[in-house]
Amino acid sequence: MAVLSGSANTSPGSTMRTIKSGGGSFLTSRGAYWLLALPLVLAAFALGLQWSTHTRIEQQRQNGFPGDRILYENPGGLRTLEATEDGWIPKNEGSTQGWRPGGGFRPAENLGKGPRLAFVTTTADTLRQIRLWIQYHRAVGVTDFILFVEGQAAKPEVANALDRIEGVQVVIRDEALKQRHASSRIWNETWLSAFFHKPCNHELFVLQSLNMEAGIEIALKNKVEWILHVDTDELMYPGGAPDYSLQRILASYEDDVDTVVFPNYESLPERDDVKDPFTEVTLFKRNYHHVVPDLYFKSYHAVARGNPNYFITYGNGKSAARVQAGLRPNGAHRWYSYTKAPREETSDQAAVLHYTYNRFEDLKSRRDRCDCAPTEEDAKRCFILPFDRMAFLAASMKSDEELMGWFRERLVWNDPAVVMDLLKNGLFVRLYTPQVLEQPKPQIPVLSGLQAV
């Protein structure tokens, strides 16, 4: 212990000098100790904080959103997906770690915690796009996927790769399916007759309805409880479900509810160079059913931006149906029944996210589509929706440079002030969850100072 020497009248300066000169050099030894120890204490604190964050993230990976049961039980062992240049391929392994879209965080298990749910779709999309679409929807609780494949999706190597994924049933339009289509009772009904024997979009609409009818038979055979028709450029958004589970949303409805309508939201690109809408587009135009009516009508023209309608494509949403005897499609967006008038309800929070015309290539691909002539008359004959007709004519008659200008003017929302105003009044909304589900898993940084501790 240091001993003070001198009188009580010693000045502060002299006192300090006395302490310094006292036996034991108190300030020097203790001060040096703390100066040396402080970096070690801070490093230990940072290490503890980093470990806590790591533990929390690992727990979130294991117990996060319900619904992402990505491992499949097969006789050959556990199967997950492995990255390739083309996207993801099935892989048998003994790992207990499930795959997430893009390696992102994983919703916790919720498959089996609600009704068995099937998606039916008609697709000619790429293998990578279809797989990402499947994995996202498996994460929100979809158990079965009935894929009617066309075009590049029907190539043997693509169809076989899809068919190896657990819960996926691939249906090729072979002679058996064509015969089933030809003998369908739909051809004797009036509710779809306006689309019969017309080209392009009309033909696709009829084909989707015929495939939905075949999908009902498969769903009944597989004891599926609910069915939806969702395209591979659409993602279901289970808004309002605390665990992000589409299964639980459907389970919440009373037993006598036959169909549930999910209003659609339309995605809005904010750049003209979008390549992957699912991960790059987060701005959406909300449906009339989910906004204040007065604000909807007040801002209608600002949102339409010179296009024919509020939505550039469809605006009537998609519905889920309880699988039961007598169920039939009612076009590509609804279900009905041959035996009764179904009880229908509309979801007040969950929605269908429609990623349409987000890429310049989406617009450009309309050029010379379906062997239709670039005239007003032929456009009406080939396309159901007014904007699709406009897009077809613009793509067919404009140069690439002119078409890019048209794309920016009508489809790209790059004015932050306008976007913010429409976000504030509720007509637009930001949704990051699909993007997060498909992002690479977070990497925990290692502080360089800790490596020497």
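What does the protein chain average in pLDDT, and what percentage of the residues score at least 70?

1. The model is a predicted one, in which local features need a pLDDT of at least 70 and side-chain atom pairs count only at pLDDT 80 or more, while totals for chains, interfaces and linings use all residues. Residues are numbered from 1 along each chain as its sequence is written, and side-chain values use heavy atoms, with hydrogens and water left out.

2. On confidence, the protein chain averages a pLDDT of 80, and 72% of the residues score at least 70; pLDDT is the predictor's confidence in each residue, from 0 to 100. Residues 1-27 stay under 50 in pLDDT, and the model gives them 13 contacts beyond four places in sequence, a contact meaning heavy atoms within 4.5 Å. The pLDDT is also below 50 over residues 53-110, a stretch that has 151 contacts in the model beyond near neighbours in sequence.

3. The largest pocket holds about 1600 Å³ of space. A pocket here is an open set of points on a 1 Å grid over the protein atoms alone, where a 1.4 Å probe fits, with protein on both sides within 12 Å along at least five of seven lines, and lining residues have an atom within 4 Å of a point. Grid points are joined across faces, edges and corners, and a volume is the space filled by probe spheres set on the points. Of the 48 residues that line this largest pocket, Leu204, Asp231, Asp233, Arg366 and Arg369 are the closest to its centre.

4. Two or more residues of the lining of the largest pocket come from each of β4 (117-123), α3 (127-139), α6 (201-221) and α8 (277-280), and α6 gives the largest share, five residues. Helices (H or I, at least four residues) and strands (E, at least two) are DSSP runs, numbered from the N terminus. By class, the lining of the largest pocket has 15 nonpolar, 17 polar and 16 charged residues, where Ala, Val, Leu, Ile, Met, Phe, Trp, Tyr, Cys and Pro count as nonpolar, Asp, Glu, Lys and Arg as charged, and the others, Gly among them, as polar.

5. The second largest pocket has a volume of about 280 Å³, and among its 15 lining residues Arg173, Glu203, Val206, Leu207 and Leu210 lie nearest its centre. The elements that give two or more residues to the lining of this second largest pocket are α5 (175-182) and α6, with the largest share, five residues, coming from α6. Its lining divides into nine nonpolar, two polar and four charged residues.

6. The structure also holds two cavities of 30 Å³ or more, a cavity being a set of grid points where the probe fits but cannot get out. The largest cavity has a volume of about 80 Å³, and of the 16 residues that line it, Glu266, Leu268, Ile312, Leu411 and Trp413 are the closest to its centre. At least two residues of the lining of the largest cavity are supplied by each of β10 (264-267), α10 (300-304) and α14 (400-411). The second largest cavity, of about 50 Å³, has among its lining residues Asp258, Arg322 and Tyr336.

7. Thr232 sits in the loop between β7 (226-229) and β8 (234-237). Is Thr232 buried or exposed? Thr232 counts as buried because its relative accessibility is 6%, buried meaning under 20% relative accessible area, exposed over 50% and partly exposed in between (1.4 Å probe, protein chains only). The side chains of Thr232 and Thr123 are joined by a polar contact of 3.2 Å, that is, a pair of N or O atoms within 3.5 Å, of which, within protein, one must be able to donate a hydrogen and the other to accept it, residues adjacent in sequence counting only if both atoms are side-chain atoms. The C-alpha atoms of Thr232 and Trp133 are separated by 6.3 Å, although the two residues are 99 residues apart along the chain.
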